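Welcome to this structure. Here are some notes to read beside it, taken point by point.

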Amino acid sequence: MISRTEIQDAGRRIIGHVRRTPVMALEDRAFGLDAKIFFKLECLQHTGSFKPRGAFNCILSSSVPPAGVIAASGGNHGAAVAYAAQKLGYHAEIFVPAATPANKVDRLRQYGAALNLVGNNYAEALAASVERAAQTGAIPIHAYDDQRVLAGQGTLGMELEEQVRGLDSVLIAVGGGGLIGGVAAWYHDRVRVISVEPERAPTLQKALAAGHVIDVETGGAASDSLGARRAGELMFPIAQKFISQALLVGDEHILQAQKILWQTLRLIAEPGGATALAALLSGVYQPRPGERVGVVLCGSNADLAKFPA
């Protein structure tokens with residue numbers, strides 16, 4: 001299991017390469033809730049998501065060969081790997097599903113990656129990337145099932161604790177579980193860590209119910225970022241030990257949260273980035289009176305052509 005020391009080491013390693021993203025403390029009784037809400041604005045991170053934390057930590061703690069690095073992604077992880085490789089002077093090759101939103105494909109090309117659109121989902125893109133890595137010798141960087149990636153994502157929890165003392169709970173959207181695994185490994189049981197997934201992508205919830213990692217069919221509004229069919233093997237023991245609740249929210253609540261963030265705060269979030277907030281706004285998560293709740297807004301790479309005005 002990943003240690004807090006590994007996360008601290010990752011923090012020292014990636015400092016200067018990632019942003020220390022701000023926290024927004026909302027006014028009392030925001031959204032009509034008798035709780036104090038804090039938004040961790042990781043949507044303002046380089047490349048528009050939390051993913052550079054893990055990408056930089058993985059590359060900086062590796063001996064990178066001439067073939068560079070390779071990754072599969074629904075879009076955000078690939079952008080982070082491409083960005084980190086570009087900044088550090090390495091070649092990057094990225095595999096994404098054919099249905100990846102155009103805005104995320106364009107971002108990958110801007111970061112200079114060799115891009116392959118393969119398969120119908122993340123699992124098929126991942127299989128193709130593994131085969132390609134075996135051919136080229138490039139270092140594969142898994143989106144969430146890698147110790148170095150988990151430690152990098154855990155720096156968000158370390159940073160949030162420095163910024164907001166005395167949180168009672170923190171809500172985090174889950175795809176494959178890299179972010180929540182790293183954050184839960186940092187907080188342990190000192191803060192209630194709560195996973196939030198779309199009803200149409202209940203990957204972690206079903207794994208927790210089964211007692212082991214299983215394959216799950218995924219889809220829906222946030223599937224490009226939260227559509228992993230299988231939770232990470234490395235994060236799963238962390239989830240079993242330290243995640244307090246595993247919640248599901250409907251697509252309609254996710255899209256409504258995305259709309260409210262824009263209308264009330266002028267914050268752009270992609271559906272996956274608004275999913276944690278959707279648990280609060282829908283009442284799926286009901287905080288106790290006076291509870292101090294952290295909400296991670298984890299991604300801003302929205303397709304503006306489909307953005308709810």
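Is N76 buried or exposed? N76 is buried, with a relative accessible area of 9%; buried means under 20% relative accessible area, exposed over 50%, and partly exposed in between, using a 1.4 Å probe and protein chains only.

1. **What you are looking at.** This is a predicted model, in which local features need pLDDT of at least 70, side-chain atom pairs count only at pLDDT 80 or more, and totals for chains, interfaces and linings use all residues. Residues are numbered from 1 along each chain as its sequence is written, and side-chain values use heavy atoms, with hydrogens and water left out.

2. **The chain as a whole.** The protein chain holds 12 helices and 10 strands. Both are DSSP runs numbered from the N terminus: helices are H or I with at least four residues, strands are E with at least two. Along the principal axes, the C-alpha atoms of the protein chain fill a box of roughly 55 × 40 × 40 Å.

3. Of the 309 residues in the protein chain, 57% are buried. Among contacts with a separation of 6 or more, 71% are made by residues 24 or more positions apart. Contact here means heavy atoms within 4.5 Å.

4. **Back to N76.** You will find N76 in helix 3. Leaving aside neighbours within four places in sequence, N76 is in contact with S49, K51, K104, S225, E270 and N301.

5. **Helix 3 with helix 4.** Two packed helices are described by the angle between their axes and the distance between the axes. For helix 3 (residues 76-88) and helix 4 (residues 102-110), the axes come within 9 Å and cross at roughly 15°. That makes helix 3 roughly parallel to helix 4. Axes are lines fitted to C-alpha atoms, for helices over the stretch in contact, and angles run from 0 to 180 degrees between N-to-C directions. Angles under 35 degrees count as roughly parallel, over 145 as roughly antiparallel, 65 to 115 as roughly perpendicular and the rest as oblique.

6. **Who makes that contact.** Helix 3 passes helix 4 in a left-handed crossing, meaning that the near helix is turned anticlockwise from the far one by less than a right angle (clockwise would be right-handed). Helix 3 contributes N76, G78, A79, A82 and Q86, while helix 4 brings K104, R107, L108 and Q110. By class, this contact of helix 3 with helix 4 has three nonpolar, four polar and two charged residues. Ala, Val, Leu, Ile, Met, Phe, Trp, Tyr, Cys and Pro count as nonpolar, Asp, Glu, Lys and Arg as charged, and the others, Gly among them, as polar.

7. **Helix 1 with helix 6.** What angle do the axes of helix 1 (residues 4-14) and helix 6 (residues 147-163) make? They cross at roughly 85° and come within 8 Å. That makes helix 1 roughly perpendicular to helix 6. On helix 1 the contact residues include I7, A10 and I14, and on helix 6 they include A151, G154 and M158. The contact of helix 1 with helix 6 has five nonpolar, six polar and three charged residues.

8. **Helix 2 with helix 6.** Helix 6 has a further partner in helix 2 (residues 52-60): their axes come within 7 Å and cross at roughly 130°. Helix 2 and helix 6 are therefore oblique to each other, and their crossing is right-handed. R53, G54, N57 and C58 make the contact from the helix 2 side. Helix 2 is mostly covered, with eight of its nine residues buried. These buried residues pack against helix 1, strand 2 (35-40), strand 3 (69-72), helix 3 and helix 6.

9. **Helix 7.** Helix 7 (residues 178-187) is mostly covered too, with 10 of its 10 residues buried; W186 and Y187 are among them. After helix 7 comes H188, whose phi is positive, near 55°.

10. **F236.** Finally, look at F236 in helix 10 (residues 236-242). F236 is buried, with a relative accessible area of 5%. Setting aside neighbours within four places in sequence, F236 is in contact with L204, A207, L208, G211, H212 and V213.
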